[in-house]
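Here's a quick rundown of the charged side-chain pairs in this one. Have the sequence and the model open as you read.

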Amino acid sequence: MKRQARGGGPIAYGAFSVETVEDQAAIEGDRAQPPQLRRRLGRADLQAVPEARRALRDLLRHWGRPGRSDIAELLTSELVTNAIVHTDREAVLTATVGPDGLRVEVRDFVARRPRLRVPVADDGTNGRGLVLVESLADAWGVQPHGVGKAVWFELDADAA
């Protein structure tokens, strides 16, 4: 798999709200941090997919070149769907807008790593999620954690 050079990054737990770090900074004082979305994804809750897209769209309203936020929404929905469908557990979505771009991470609590599959023509729409992530993200990867893993991607705001 190409583009798995970077790893690490912030992990967020909890929070059903779509509170940005900017909102929290305004509450706590002048401590400036990048805008961030954190969302707990319920077990087998497919309604979380459009809700995550909508929340990300709000976060990225004024971010990046035209089309970049659309790509971010598509890739986020792929990672969220994979976590909900393939783990049968809760997951946590974190999206952080920083000076270098956007990082989206979906952390689940199952150690099994996702597999990049080459989709078969007669396989319907299954098996294309990570192929899309690999094709459209500027970087992506899987980072194991004590319990589970985080699948992440990054997009540069100004990339063509």
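**Salt bridges at a glance**

Glu-90 is partly exposed, at 35% relative accessible area (buried is under 20%, exposed over 50%, partly exposed in between, with a 1.4 Å probe and protein chains only). Keep in mind that this is a predicted model, where local features need pLDDT of at least 70, side-chain atom pairs count only at pLDDT 80 or more, and totals for chains, interfaces and linings use all residues. Residues are numbered from 1 along each chain as its sequence is written, and side-chain values use heavy atoms, with hydrogens and water left out.

**The overall tally**
- Searching the whole structure turns up nine salt bridges (a side-chain nitrogen of Lys or Arg within 4 Å of a carboxyl oxygen of Asp or Glu).

- Arg-40 pairs with Glu-90 in a salt bridge, with 3.0 Å between the closest N and O atoms.
- Arg-40 sits in strand E1 (residues 36–41) and Glu-90 in the loop between helix H3 (68–87) and strand E2 (91–98), so the pair ties together parts 50 residues apart in sequence (helices, H or I, are DSSP runs of at least four residues and strands, E, of at least two, numbered from the N terminus).
- Arg-40 is partly exposed too, at 23%.

**Helix H3 to helix H2**
- Glu-73 and Arg-53 form a salt bridge, their closest N and O atoms 3.6 Å apart.
- This pair links distant parts of the chain, with Glu-73 in helix H3 and Arg-53 in helix H2 (residues 48–59), 20 residues apart.
- Glu-73 is buried at 6% relative accessibility, while Arg-53 is partly exposed at 26%.

**Arg-61 and Asp-58**
- These two side chains meet in a salt bridge at 3.7 Å, N to O.
- Arg-61 is exposed at 57%, and Asp-58 is partly exposed at 43%.
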